[in-house]
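Have the model open while you read.

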Amino acid sequence: MQGLLLNNFYSMQNNIKTSFGIALCLLFVSFVAGDTSVLNAVIAAQIMVFPVNVGSSLQIDEASKWSRIEITLPIKRKTIINAKYISFIMLILMGTAISLFTPVLFYLRDLDTTSYLNLSSGYTMGLSLSISTISILYPVILRFGVEKSEMMIFVSSGLSVVIRIVVWVLLRMVWDNVNFNGSEVGIASLIVAVVMFVASYLLSIQIHRNKEF
């Protein structure tokens, strides 16, 4: 398992460095932006910028024929999928860890506590979009190949936004005055994303077991 995880991160290391650079550049927006909606967007972007490396990792594995080699190792195919999904979780955690500095800098500017607490919607949006994007992206690439992975990243991200919109619409049918960026939509979208992630994991195991590389 450790070797598989290391291979996943070796194949993404250059892109991860780029993602760290982008996330840190976004961090400096905290010094100039005083609007919580802008900072929520920054936090969501900081989290999202790491999971998009999934496509590049799979492309490198395909180019090096690693996908064919790893199935010959004395490990179960489920272990291969476990390593992939653990890697996905670690990417999301990396983005989340970097994004934690944004509200800290925002707080150090002595802005009021209410605005500080309103930054939570950036985390629910970033996490829900990241998790649902990966949940859609990986099984599709695993099934159909990596040739159009860049396009599939955009499609998966778009579908994740659509899912959030659907959640918002459904909640509006139950409660009035539900804000698209509100905590209710954020929490509900995050729960849906986690369910999708579990379903994606189970689906990927089945696809991998039935696939001839």
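At what angle do the axes of H3 and H6 cross, and within what distance do they come? Before the answer, some housekeeping. This is a predicted model, where local features need pLDDT of at least 70 and side-chain atom pairs count only at pLDDT 80 or more, while totals for chains, interfaces and linings use all residues. Residues are numbered from 1 along each chain as its sequence is written, and side-chain values use heavy atoms, with hydrogens and water left out.

1. The H3 and H6 axes cross at roughly 145° and come within 7 Å. Axes here are lines fitted to C-alpha atoms, for helices over the stretch in contact, with angles from 0 to 180 degrees between N-to-C directions. Helices themselves are DSSP runs (H or I, at least four residues), numbered from the N terminus. Ile43, Gln46 and Ile47 of H3 make the contact (heavy atoms within 4.5 Å) with Ile92, Gly95, Thr96, Ile98 and Ser99 of H6. By class that is 4 nonpolar, 4 polar and no charged residues; Gly counts as polar in this scheme.

2. H6 also packs on H11, at an angle of about 145° with the axes 9 Å apart. On the H6 side you'll find, among others, Arg77, Tyr85 and Phe88, and these H6 residues meet an H11 set including Phe197, Tyr201 and His208. This contact divides into 8 nonpolar, 4 polar and 3 charged residues.

3. Take a look at Ser135 in H9 (residues 120-144). Serine 135 is buried at a relative accessible area of 5%, because buried means under 20% (1.4 Å probe, protein chains only). Its side chain reaches the backbone nitrogen of Phe197 at 3.3 Å. Leaving aside neighbours within four places in sequence, serine 135 is in contact with Ala193, Met196, Phe197 and Ser200.

4. Not counting residues up to four places away in sequence, Val54 touches Met12, Phe88, Leu91, Ile134 and Leu137.

5. Last one: Gly182 lies in the loop between H10 (149-174) and H11 (183-210). Glycine 182 counts as buried, at 12% relative accessibility. Gly182 and Gly122 are 60 residues apart in sequence and 9.9 Å apart in space, C-alpha to C-alpha.

Notes
Helix = DSSP H or I, 4+ residues; strand = E, 2+ residues; numbered from the N terminus. Buried < 20%, exposed > 50% of the residue type's maximum accessible area, 1.4 Å probe, protein only. Polar contact = N/O pair within 3.5 Å; in protein donor to acceptor, adjacent residues only side chain to side chain.
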